[in-house]
Structure formats: C-alpha cells, structure tokens
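Subject: Handover of a structure

Dear colleague,

Please find below the sequence and structure that I am passing on to you. My notes on what was found follow directly after.

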Amino acid sequence: MSVPRPVLVVDFGAQYAQLIARRVREAKVYSEIVPHSMPVAEMLAKDPAAIILSGGPSSVYEPGAPQLDAKLFDAGVPVFGICYGFQAMAQALGGTVAHTGRREFGGTALATRPEAGVLLRDLPAELSVWMSHGDCVTEAPAGFAVTACSPGAPVAAFEDVAGRRAGVQFHPEVAHTAHGQAMLTRFLYDIAGIEPTWTMGNIIEDQVAAIRDKVGDKEVICGLSGGVDSAVAAALVHKAVGDQLTCVFVDHGLLRAGEAEQVEQDYVAATGIKLKVVDAADRFLAALDGVTDPEDKRKIIGREFIRVFEAAAREVAAAGDVEFLVQGTLYPDVVESGGGTGTANIKSHHNVGGLPDDLKFSLVEPLRTLFKDEVRQLGLSLGLPEAMVWRHPFPGPGLAIRIIGAVSADRLAVLRAADLIAREELTAAGLDRDVWQFPVVLLADVRSVGVQGDGRTYGHPVVLRPVSSEDAMTADWSRLPYDVIARISTRITNEVPEVNRVVLDVTSKPPGTIEWE
Ligand SMILES: Nc1ncnc2c1ncn2[C@@H]1O[C@H](COP(=O)(O)OP(=O)(O)OP(=O)(O)O)[C@@H](O)[C@H]1O
Ligand SMILES: O=c1[nH]c(=O)c2[nH+]cn([C@@H]3O[C@H](COP(=O)(O)O)[C@@H](O)[C@H]3O)c2[nH]1
Ligand SMILES: NC(=O)CC[C@H](N)C(=O)O
Ligand SMILES: [Mg+2]
C-alpha cells in the first residue's frame, strides 16, 4: 500500500488540531498530526506535501513558549499558520507580534482584500470569522501581502504566494467561520498545489491492514451497542479478521425502550457477525445503587463494562484468553476525557476515561481519530444499512447519566416511558434527520406542584434536550416546532403519572454539554 505524502498539522496545544486534520481529509488530502516538539528534520523526513501550524494557548513572546524553527521555511515546503501558528510564523520570519489589549473571541467581522492574494479570492469582502486570541500580528514579515484585517487584528491574514506561505489569525477549521473550508482548500490546492486524491476508501484499507497486523490469528471481542460507531468498528474488524471476531452486546438495564430487542434482531440480520448478548442489568444497578456524582457513575459503568467483557471473553475463547477488545471510540470521547494534548477533562467517557486501571485487554479502536460524520460516511462505504448509520448517538452509560440523582429501576422505568414518547413524536413529525440527538433527562431529586384532575400532584420534571450539531464538539439547541414540543409535553404528562412538568433546555455547547452529566 503506498502512503501518500502527508499534510502535517503541527499541534501547538490546540483545541482544534484534530478538526484541522479532519478538514484536510474533507478536502480529500491525507493528513497527520505531529507535536510541536518534533524536530524540523524529522518533520521534513516525512516528505510533507504541506505543513499547517495550529493554534495554541501560549504567547509567542513569553519565555518558554513553543518556538518555530525557521529552518522549516528553508526546505520550500508550503506552510499555513493558524492563530498561534500564524503568530509564530510572523515572529520567525521577522514580523512583529504584540499584545495590544484588544482581544477577540467568537464571531468577528473580517474586512478582506481578496485580490491581494489567493486564499480569499472570490470570497466576499466582508466575512464573519471565528476568533479566539489575545495577541496579534502588528507587522507582517517582508515579502508578505496583508490580505485581511479585523477590529482587533491589524494583520488578520497574510500571504506570500510565490513563497507558498500564508497565515490567518482566525480559525478557518471551525464550522462557524464563513467559507473556512474554501480557504483551507485554496491553500491546499492553489498555494500548495496538492491534488485531491485521498478518500475514505483509504481509511478502510489502512485500518484493515493495521488491524490484521495487530491481531494476527488471535480471537477478538467487540463491544457492540447498536450505535453507529461500534457497528462501523465491528464491520472494519470483521473485514480484517472475519470469524475471529465475536461481538458482545451488554444489556446493562440502562437502555431505552426496545433497544435490546432491536440490536439482537437487526444487527445479526444486517451483518451476519457473531453476537453474544449479556444480561447484566442486576450487576450494573447494584453497582450504581445510591450513587449520585456524575463522575462516580461514569467510572463505575466503565469498570462494570470491562468486567462483563472479561467474563464474555472467557466464554468466547476456544483456547486461552482473548487479548483484544474492539471499541467504537471516536475523537470527541478522547478529547472530552482529557486525552488531547494538554486538554481538560470535561467528563470521563466510559470507554476512555472510565476504563479501570487494571484493564488487561489490548484495545483496538480504528475510529479513535475520527468524528461522527466521517464515521457515518465510512459506514455507508462499508455497506451498513442507512437506518443504522443515521441513528442518533446514544451514550454508553445510557439512561444512568440522564437521571439526575441516584439510579433505580423505578426511575429508569419513568425515564424510559418519557423518552419513548419524545422519540415517537419526533419521528412522527419527520424530524429525525434535523436533530443530532434528543436526550430526555429526569430530574429525579426535584419535585414540583401541579394540578391534575382537580387534585394536587407533587411530581418530577423532565427536561427535553434536542440539539443540532456537526460533530458533538459544539452544539446548539434545536428550534423544534412548538406544536411538536407541545404534543410531547401533553403526552408525557398524561401518560407518565410520575411526571407533572416538562421543560426545554435552551443552552448551546459551550457552555452546556449535550448530556446533563
Ligand atoms: N451496551 C453496550 N454493549 C457493548 N458495548 C457498548 C455498549 N454501549 C457502548 N459500548 C461500547 O462503547 C463504545 C462507545 O459508545 P458510544 O455510545 O460512544 O458509541 P456507539 O454506541 O457505538 O455509537 P453512538 O455514539 O452512535 O451511540 C461503543 O462503540 C461500544 O464499543
Ligand atoms: O459512549 C459514550 N460514553 C460516554 O461516557 C459519553 N458521554 C457523552 N457521550 C456522548 O458524547 C457526545 C458529547 O457529549 P457531551 O456534550 O455531553 O459531552 C454526545 O453524543 C453524548 O451522548 C458519551 N458517549
Ligand atoms: N487560539 C490561539 O491560538 C491563541 C493564540 C495566542 N495564545 C493568543 O491569545 O493570541
Ligand atoms: Mg452509543
């Protein structure tokens, strides 16, 4: 298999390094992330087609800030700097970076001179871009044309087209920057001269080869949830090692109505992969008894999953232990669990931060650097049914992190009933594909007074949390039609006796997250 020349994304500790790599893939160009600490000679040894310098939390002029070795520019490789990378590039090439006291965060108006370069050509002269900076470039290096400015950044973009170098203060990689993808492709195709030849097919080939290499002739189990990520991971592993794979579906008692039955029937029918179903509801509920702290719940669930996989592995293996566990882990699971370069722990996803310390399996996670929409495309390429590929995400810890308070069988039954109504009404309104995910949350320790049938009630509220998103990294609350919300509210309060109030969550992410715990 020939390895294409990579576009290297040099990570300066950015929130969005993976997002840059993902946008490059979207432009059908192969990319790899490398740490800023990698020596330039090592970067150049990879024969990069171009180099993109990411953002980062430091200030270039502070002692100890990650520096850019000017030797990078001697090799003639095309370079694109973003935010910190733009500032580091300016400094290394003799421009000036300063702290002017004017910070810009979020949507910012950009005034451009499209004709002065290539990057912004044919784009509007006024653009709304996403900024996140406190420092700015006040003077471009010699030989660079200034192609844009904003109220807080006198030099918001520069280009040296002949030298195949450009940079921007804003973030073209985030969905909120207008024409961001167009700018990145301009750099890749028109400045760096790269041909768009890389496809998802390459991911499949590469991963299948890597899995074969890692697993050899050993037995493998895969945690299968019925969600798209594990279905795609299992399909890849099945392609690589065939019948050495057994999938294990854990019914932990925290599932939604009808879910276990659906996985048991549909999955095997659609894929023909061996499936083992484990009923582990009692042990999960016992382990969660009385636990209210979200992180405690997540760690307990992560541990119990592994214990169940271990027991299942002992039954699956004809001889000896099963060494490998496949999980459908995606990049947002990793970065939210604090697994990025210097990133914070937001919540421990059960399959990453919630894994027990004594984990003995070697993990096989072919989707670990990808985002959900890429995984969906992969699923379609692998021939999985549309209904499986477009299913809304459902978190592994299930309804346990949608009951705010301790988890019990009674509370689960209440939430399950309310959740089913919300799902039914969303589907009936034909809105499934307009919504990314629709958690229903039970505020189990909160009660409020109501009046029903002329009598007083003292019941629990549920929260409707429909959101729109592209990759779960950021999200907004879905503007569902009021009549759909009204129907859901009426049905829940009529049909679920314990619930006498329905509220709507109108928080974006950030500052909220999608799930409440
Ligand atoms: N009930 C379950 N039984 C077995 N494995 C599970 C279960 N729930 C989650 N997992 C494992 O944990 C991984 C992460 O869960 P996650 O919910 O993020 O992915 P998914 O369920 O595959 O896809 P989706 O995000 O669409 O729900 C899964 O890919 C799977 O390997
Ligand atoms: O498998 C999972 N295990 C987990 O522990 C977990 N926590 C959150 N999620 C899902 O991840 C996405 C982002 O969630 P948040 O905005 O709530 O952080 C959303 O799609 C969430 O449903 C999880 N999935
Ligand atoms: N997002 C970034 O890369 C920020 C760069 C630098 N820390 C600044 O504040 O200007
Ligand atoms: Mg899931």
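A residue is called buried here if 20 or more other C-beta atoms lie within 10 Å of its own, and exposed if 12 or fewer do, with partly exposed in between. Please bear in mind throughout that the model is predicted.

By that criterion A231 is buried, because 29 C-beta neighbours lie inside 10 Å. A231 belongs to helix α6, and, apart from residues within four places in sequence, A231 contacts G379, L384 and M388. G226 counts as partly exposed, because the number of its C-beta neighbours inside 10 Å is 19. The position of G226 is the loop between β12 (220–223) and α6. Residues up to four places away in sequence not counted, G226 touches E259, Q262, V263 and Y267.

In the model, ligand 1 is surrounded by 21 residues, of which G223, S225, G227, S230 and G328 are the closest. Two elements, α6 (228–241) and β13 (245–251), each give two or more residues to this shell. By class, the shell around ligand 1 comprises eight nonpolar, 10 polar and three charged residues.

The unreviewed UniProt entry also carries an "active site" annotation, covering C83, H171 and E173. These positions are spread over 91 residues of sequence, yet they cluster in space, with a largest C-alpha distance of 11.1 Å. C83 sits in the loop between β4 (79–82) and α3 (84–92) and is buried, because 25 other C-beta atoms lie within 10 Å. H171 lies in the loop between β11 (165–168) and α4 (180–191); H171 likewise counts as buried, because it has 24 C-beta neighbours inside 10 Å. Leaving aside neighbours within four places in sequence, C83 is in contact with G55, S132, H133, Q169 and H171.

As to overall organisation, the domain assignment divides the protein chain into domain 1 (7–191), domain 2 (200–389) and domain 3 (403–504). The centres of domain 2 and domain 3, taken over C-alpha atoms, are 28 Å apart. Between these two domains, 13 residues of domain 2 contact 12 residues of domain 3. On the domain 2 side, α8 (281–288) and α11 (372–381) each supply at least two residues, and that side has seven nonpolar, three polar and three charged residues.

Yours sincerely

Note on methods:
Residues numbered from 1 in each chain as written. Chains lettered and ligands numbered in written order. Predicted model: local features only at pLDDT ≥ 70, side-chain atom pairs only at ≥ 80, totals over all residues. Near = placed C-beta within 6 Å. Helix = DSSP H or I, 4+ residues; strand = E, 2+ residues; numbered from the N terminus. Nonpolar A, V, L, I, M, F, W, Y, C, P; charged D, E, K, R; others polar. Domains from an automatic or database assignment. Contact = placed C-beta atoms within 7 Å. UniProt positions renumbered as here; feature names shortened; annotations may be inferred.
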